[in-house]
Amino acid sequence: MAQQVRGVVAPGKGQPVRIETITVPDPGPGEAVVRIQACGVCHTDLHYREGGINDEFPFLLGHEAAGVVETVGDGVTEVAPGDFVVLNWRAVCGQCRACLRGRPWYCFDTHNAAQKMTLEDGTELSPALGIGAFADKTLVAAGQCTKVDAAAPPEVAGLLGCGVMAGIGAAINTGGVGRGDSVAVIGCGGGGAASVLGARLAGAAEIIAIDLDERKLATAASLGATHVVDARERDVVETVREMTGGFGADVVIEAVGRPETYEQAFYARDLAGTVVLVGVPTPEMRLELPLLDVFGRGGSLKSSWYGDCLPSRDFPMLIDLYLQGRLDLDAFVSETIALDGVEGAFEKMHHGDVLRSVVML
Ligand SMILES: NC(=O)c1ccc[n+]([C@@H]2O[C@H](COP(=O)([O-])OP(=O)(O)OC[C@H]3O[C@@H](n4cnc5c(N)ncnc54)[C@H](O)[C@@H]3O)[C@@H](O)[C@H]2O)c1
Ligand SMILES: [Zn+2]
Ligand SMILES: [Zn+2]
């Protein structure tokens with residue numbers, strides 16, 4: 001039987017979110033209904049509310065979540081009722097050209113639930129990133145559920161569902177940071193701070209954290225940054241070069257999403273080094289670089305989608321490292337809030353007051 005639960009809905013462009021009663025259908029073939037325990041507030045939720053992603057209002061927000069599988073539809077074998085899972089937005093298809101070439105972390109045709117959740121009047125909801133987890137329960141494709149060790153608290157586990165995975169993965173997957181590398185991270189919000197953690201995990205010798213906000217720099221230092229740079233006071237490129245023997249860092253991760261910080265990343269990198277773009281720019285932004293420098297400086301310029309993660313490989317591994325005390329994910333939970341606190345959390349995010357506000361259900 002379809003169920004009625006509470007959900008946080010963005011009704012229209014720029015309008016405040018509201019708690020609505022939503023209808024969650026029983027899972028069909030290949031689907032699962034998950035009882036949500038925790039869901040982090042990500043910048044992308046705010047982008048949806050602002051109409052910055054698309055116009056398919058109303059949106060059911062929330063996509064960085066952990067919970068327990070309640071029921072599964074026909075043919076579901078990968079998860080079962082009672083499993084503790086982190087939700088992902090990369091349920092790989094196994095059929096597209098990326099999957100067939102053995103690169104499922106790029107999957108170009110990821111799965112979401114086929115059925116729609118609705119408002120009480122029958123209006124279909126668009127779940128954020130195919131998840132919609134600011135809700136007591138949500139309907140997803142079973143492949144969007146990744147089982148992890150239930151010893152991890154849900155408010156921590158859920159973080160891997162988006163921003164923290166994107167940041168860690170930018171370092172360990174996309175950037176390929178290795179032992180002894182020098183790494184610079186420009187922008188140390190939730191994403192960049194996670195890149196600091198990823199760089200440390202990968203054995204980087206130097207980790208230079210750069211931000212405009214001293215609170216973010218203090219957090220980055222506590223997570224393992226060996227140097228911090230306040231970009232309001234110092235020239236980023238010169239300072240990174242000074243800190244790396246005059247050469248620049250092997251890997252520079254841009255976690256802001258602006259042309260000027262991308263340009264800094266480009267020049268703060270050693271010859272043959274790697275730039276990883278994590279920040280998401282807006283459509284009007286343009287980048288201008290001398291093509292000769294693109295050639296002459298060599299190396300690679302990469303973008304990181306969701307940290308090039310493979311949820312089935314990366315989520316359980318990172319949760320295990322967390323449980324062993326080797327990955328400080330607790331630092332990312334700035335506050336826990338109730339379902340009616342999402343609008344307030346957007347405000348705090350805007351002022352840089354939090355790494356993550358996490359809704360508890
Ligand atoms: N690639 C992905 O798959 C993916 C996933 C999630 C989020 N993102 C994107 O990553 C970016 C960062 O997300 P977040 O959650 O960390 O956001 P955030 O707002 O928490 O962090 C951004 C940080 O950048 C700092 N900053 C701003 N301008 C700066 C400048 N000129 N120099 C140095 N630092 C500066 C801010 O002080 C802040 O600490 C966003 O664009 C977000 O949309 C990408
Ligand atoms: Zn695929
Ligand atoms: Zn997100």
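Modeller: A definition is needed at the outset: two residues are in contact if their C-beta atoms, placed from the backbone, lie within 7 Å. The model under discussion is a predicted one.

The part in question is an open sheet of 6 strands, which follow one another in the order β13-β12-β11-β14-β15-β16. Their pairing is parallel. At the edges of the sheet stand β13 (227-230) and β16 (300-303). Each of these two has a single partner strand, so one side of each is left without a neighbour in the sheet. From one strand to the next, the twist averages 15°.

One pairing within the sheet may be followed residue by residue. Strand β11, formed by residues 182-186, is joined to strand β12, formed by residues 206-211, by 5 bridges in the parallel sense. Within this pair, Ile210 in β12 stands opposite Ile186.

Helix α8, comprising residues 259-267, lies across β11, β14 (249-254) and β15 (269-277). Its direction makes an angle of about 150° with that of β15.

For contrast, antiparallel pairing may be examined elsewhere in the model. Strand β1 (residues 3-10) pairs with strand β2 (residues 18-24) in the antiparallel sense, over 7 bridges. There, Arg6 has Thr21 in β2 as its bridge partner. Strand β2 is also joined to strand β7 (residues 118-119) by 2 bridges, and these strands run antiparallel. In that pairing, Thr23 has Thr118 in β7 as its bridge partner.

How values were computed
Residues are numbered from 1 along each chain as its sequence is written. Chains are lettered from A and ligands numbered from 1 in the order in which they are written. This is a predicted model: local features need pLDDT of at least 70, side-chain atom pairs count only at pLDDT 80 or more; totals for chains, interfaces and linings use all residues. Two strands pair if DSSP finds at least two bridges between them. Helices (H or I, at least four residues) and strands (E, at least two) are DSSP runs, numbered from the N terminus. Axes are lines fitted to C-alpha atoms, for helices over the stretch in contact, and angles run from 0 to 180 degrees between N-to-C directions.
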